[in-house]
Every structure is written in C-alpha cells, then in structure tokens.
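Have the model open as you read.

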Amino acid sequence: MDEQALLGLNPNADARYRQRAMAYFEQLKESQDAWEVCADALAKGIYNDDHVKFFLFQVLEHQIKYRHDALSGPQQQLIRETLMKWLQGQLMNSQPEKPFIRNKAAQVFALTFVMEYLTLWPKFFFDILSLVGLNPNGVDVYLRTLMAIDAEVVDRDTLHSTEDTRRNTLIKDTMREQCIPNLVESWFQILQAYQQTQPEITCQCLEVVGSYVSWIDLNLIANDRFVNLLLSQMSVEELREEACDCLFEIVNKGMDPVDKTKLVESLCQVLQSAGFFHVEQEEDVDFLAKFSRLVNGMGQSLVLSWTKLVKAGDVKAANDTLQALEGKVPLLLQLLVHADDDISANIVAFCYDYLHVLKQLPQLTDQQKANIEAIMLAIMKKLTYDDEYNFDNEGEDEAMFVEYRKQLKMLLDRLAQVSPDLLLEAVRRVFNNTMQSWQTASFMEVEVAVRLVYMLGEALPASHGAHFTGDATKASVLQEMMRTVGGCLLECLFFYGFRLLIFPKRL
C-alpha cells in the first residue's frame with residue numbers, strides 16, 4: 001500500500017496529499033490485481049484509521065460493481081473470503097466500527113450477494129447467520145446488509161433496467177424458496193434477545209421486518225407468536241415508534257378481506273387493552289405521529305376489506321367489517337382533533353374513506369349521524385389559526401398549515417355529500433355562536449366562522465349555479481348568514497372609519 005497516498009484520505013490533509021490519494025484510488029480501480037492488497041488489508045485488519053478502512057471498502061466495491069464478471073474464479077473467491085474474515089473480526093471487537101464503515105461494508109456485502117447469490121454463493125445467508133449467531137456486532141452488520149439488499153433488489157423508488165428487474169425477481173423467488181423462513185426465524189430471535197438490552201439493534205430488526213414483509217409470505221409474520229412480540233414492543237419507549245412502522249407495513253400487506261379484518265381486529269384488541277386507544281394530549285408527539293399513521297392504515301384496510309366484501313355479495317362479512325370500522329371512529333376523532341397538526345393530518349385519509357363508506361349506505365344510524373357531527377366539529381376546530389401563526393411573515397410552518405387546511409376542506413366537501421343538512425345546521429350553529437359576540441371574539445374565531453360559510457357555499461350543491469334559490473331551507477340559512485356577515489362588515493367599516501376621521505394620527 002502507498003502509505004503516503006493514504007495520508008491524503010484524512011479530511012484535514014493538504015491538497016497535494018489529497019490529489020495523490022485520488023490518483024492512487026484510480027490506479028487501484030483500474031489494476032487487475034492491485035486491489036487484492038486492499039482485500040488483504042481488510043481481512044487482516046491492518047489499518048485502524050477509519051478513512052483508510054472506508055477507502056479499502058470503496059476499492060473492493062468498485063471491483064464487485066464494475067469488474068465482477070471479468071474477475072477470475074480465485075479472485076471472486078478472495079472477495080468472499082475477505083468479507084467473511086472481516087465480519088469474523090467484528091465479532092471479536094469490543095467496540096463496533098463507526099456507522100459509516102458498517103454501512104459501506106453492508107453495501108459491499110449486498111453487491112456481492114446480488115452478483116453471486118444465484119450462482120456462486122447460494123448459502124450466503126446461512127454462512128453469515130452461522131458465523132454471527134447472536135453476537136451484537138455481527139447481528140448489526142447482518143441487519144444492515146439486509147437493508148442494503150432491500151435497496152438493491154426490492155426498493156421500488158430505484159430505477160432498474162429490464163435485465164436487472166428480471167434478475168431481482170429471480171433473486172426474490174429463490175429467497176422465498178430457500179431461505180426466507182430461516183431469515184424470519186433469525187429476526188424473531190434477534191427481537192426476543194435484544195429488546196431489553198440493545199434498542200438500536202432491535203429497531204434495526206423492526207425496520208428489516210417492515211421492509212421485507214411486502215414481498216414475503218405474510219403468514220410467517222402475521223401469526224400470534226410474532227405479532228404478540230411486536231405488540232409487546234409498543235410498550236417500550238425506545239422501540240414503539242419503529243414497532244408502529246413495522247405493524248403499519250404488516251397491515252398494508254395485501255390479503256383476503258376477511259383475514260385482513262381479523263388481523264386488524266386482533267391488533268386493535270391488544271392495543272386497546274394496553275391503553276393506546278386513550279390518546280393523551282401530552283403524549284410524545286413523535287410517537288403519536290407514528291401511531292396515527294398506523295391507525296390510518298388499519299382504518300383504510302378495513303374500508304378496503306368492506307368494499308371488496310360488498311362487491312362479492314358477502315353480506316355477513318361486510319357487516320362484521322363495518323362494525324369493526326365503526327369501532328375505530330372514537331380513536332379517529334381523538335387523533336383528528338389533536339393539537340398537533342401532523343398527528344391530525346395522518347388520520348385524514350381514513351376519515352375521508354369512512355365518510356365515503358357512509359355515503360354508500362342506504363340509511364344512517366343515529367350513531368353514524370353522531371359520528372358525522374363529531375367529525376364536523378373536529379374539522380371546524382382544526383380549521384382555526386393558532387396563536388403562533390405569523391401573518392406578517394409566513395414561513396414553512398404557515399405553508400404547511402395552509403396545505404393542511406386544504407385537506408380539511410376535502411373532508412368538509414365529503415361531509416356535504418354524505419349529509420348536507422347536518423353540515424348546514426352545524427355551520428349555522430358555530431357561525432351564530434361566534435358572530436353574536438364578534439366584537440369581543442378573537443380574530444381567529446371570527447375568521448373561521450366566516451370561512452366556514454364560504455366553504456359551505458362551495459361544498460353544498462347549487463341549483464343551476466345559484467345558492468339562494470331552490471331549496472328554501474338551505475337558501476334561507478345561507479341568506480341569514482350572509483346578512484350577518486354584511487352587517488358586521490358595515491359596522492366594522494363605520495367604526496374604524498369614524499375613528500380614522502376623529503383620531504387620524506393615532507391610526
């Protein structure tokens with residue numbers, strides 16, 4: 001190794017050394033066998049400098065990614081042996097490598113897997129698992145490697161060529177046949193072993209489960225043994241956010257509608273018995289944001305199951321699913337009206353879908369009407385500007401609230417389709433209560449009352465484009481509210497106009 005060139009890898013090195021390091025990197029990349037020195041250094045753990053270790057992995061990565069097919073059989077074997085010797089060395093280290101080193105190592109493992117799993121290294125996972133066991137340093141690299149493989153093979157956001165897509169499909173099919181049950185068992189053992197002592201590793205494992213569940217057999221995960229373990233981690237503060245994400249991915253997995261309803265209901269029963277259905281305003285907002293996303297996923301899954309069952313003509317199962325759906329509305333309302341808009345926004349899609357279900361029902365029950373009114377009141381409350389809104393200098397937070405208001409407007413439009421009479425009456429009640437004392441009310445209260453009238457006009461169906469004709473009741477209510485708005489505006493203009501004449505300098 002060119003020790004002088006390696007000095008240039010230090011971020012504080014001068015330009016001359018950095019240029020020499022870059023030139024050395026290019027030399028190692030292009031050489032047919034010079035990279036083997038780097039492999040030997042990695043396998044033997046010769047260097048302690050983190051930047052040199054990263055550099056060595058980069059050289060190896062280039063050979064695998066761009067020259068793998070040109071390597072000889074012994075050279076390909078050397079790469080496999082290098083990686084396994086490096087991994088074995090990690091098991092004996094008292095302290096793990098820096099995260100950026102472990103991530104780069106995982107990328108190199110993943111690239112080697114993609115290139116060799118179907119041909120040269122079919123026992124890739126068995127070799128790694130038999131080596132690392134439950135050693136925390138080894139398990140960490142194993143889990144990072146699984147996430148790197150997911151990025152290379154599964155990630156739908158990555159564009160692949162037709163050839164790569166065909167190869168990735170074959171890799172997934174082969175994994176399902178040969179090793180997925182073993183991987184799932186390893187995840188269970190890791191989660192069980194480390195949930196009390198190694199929260200970082202446990203969270204990594206939960207992330208792996210959430211990523212892989214979309215394309216493996218759901219029965220391997222959605223069983224009492226595994227789900228109960230995941231649910232128990234919802235009560236561990238360091239794990240519960242990642243556990244929420246993992247359960248969300250499980251719930252989102254496509255499956256038979258009756259089975260999906262049973263799965264969601266079993267999850268909800270445990271969550272409810274553990275007290276999660278009682279939302280505290282003071283609860284950690286980061287967790288509640290994850291939890292509201294999970295509830296949204298469960299709710300939308302039930303709506304989808306109900307839709308499929310109705311189309312299939314399975315009346316009993318559809319009714320059971322509708323009953324399960326109705327049981328989630330109280331929790332929906334708690335999250336929708338939460339003071340944190342991110343938590344509220346995460347549940348909007350479920351609320352919208354629930355209203356769409358009600359729109360399709362031939363007749364609404366008293367409880368469903370009460371749910372509609374509760375949703376209306378929640379929307380009206382959440383439309384209100386908070387005290388921290390900066391009207392003079394609107395920034396990112398203000399822009400996010402404007403977007404959030406648009407989502408609430410969609411819900412209001414859907415409410416107008418489901419029950420226009422209930423919406424009309426609710427808006428009138430809120431409007432009248434506010435405008436009776438508009439002089440002493442806050443600007444935020446008056447603004448939302450007037451805006452509701454405007455939104456109502458947009459949401460309610462009009463008779464030939466006219467809101468003040470046609471339905472006499474609707475027209476009368478709208479006319480009454482518009483007269484009130486007009487009267488308040490005149491009074492406001494008169495008051496401030498008179499003051500402007502008398503005290504111009506003070507205004």
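## Helices H10 and H11

This is a predicted model. In it, the axes of helix H10 (residues 180-194) and helix H11 (residues 199-212) come within 9 Å and cross at roughly 150°. An angle over 145 degrees counts as roughly antiparallel, so that's how H10 and H11 lie to each other. The crossing of H10 past H11 is left-handed.

Who does the touching? On the H10 side you'll find Trp187, Ile190, Leu191 and Tyr194, and H11 brings a list that includes Pro199, Ile201, Thr202 and Tyr212. Sorted by class, the contact of H10 with H11 has eleven nonpolar residues, one polar and no charged.

## Helices H17 and H19

Now try another pair. Helix H17 (residues 329-336) and helix H19 (residues 348-360) have axes that come within 10 Å and cross at roughly 135°. That angle makes H17 oblique to H19. Here too, the crossing is left-handed.

From H17, Val329, Leu332 and Leu336 meet Val348, Phe350, Cys351 and Tyr354 of H19. The contact of H17 with H19 is made up of seven nonpolar residues, with no polar and no charged ones.

## The nonpolar cores

Which residues have the most contacts inside the largest nonpolar core? They are Phe125, Met175, Trp187, Met234, Phe291 and Leu294, in a core of 151 residues. Helix H15 (residues 285-312) gives the most to this core, namely eleven residues.

Zoom in on Phe291: leaving out residues up to four places away in sequence, Phe291 touches Met234, Cys244, Leu271, Phe276 and Leu331.

Definitions and conventions
Residues are numbered from 1 along each chain as its sequence is written. This is a predicted model: local features need pLDDT of at least 70, side-chain atom pairs count only at pLDDT 80 or more; totals for chains, interfaces and linings use all residues. Side-chain values use heavy atoms; hydrogens and water are left out. A nonpolar core is a set of buried Ala, Val, Leu, Ile, Met, Phe, Trp, Tyr and Cys residues joined through side-chain atoms within 4.5 Å. Buried means under 20% relative accessible area, exposed over 50%, partly exposed in between (1.4 Å probe, protein chains only). Helices (H or I, at least four residues) and strands (E, at least two) are DSSP runs, numbered from the N terminus. Contact means heavy atoms within 4.5 Å. Axes are lines fitted to C-alpha atoms, for helices over the stretch in contact, and angles run from 0 to 180 degrees between N-to-C directions. Angles under 35 degrees count as roughly parallel, over 145 as roughly antiparallel, 65 to 115 as roughly perpendicular and the rest as oblique. A crossing is left-handed if the near helix is turned anticlockwise from the far one by less than a right angle, and right-handed if clockwise. Ala, Val, Leu, Ile, Met, Phe, Trp, Tyr, Cys and Pro count as nonpolar, Asp, Glu, Lys and Arg as charged, and the others, Gly among them, as polar.
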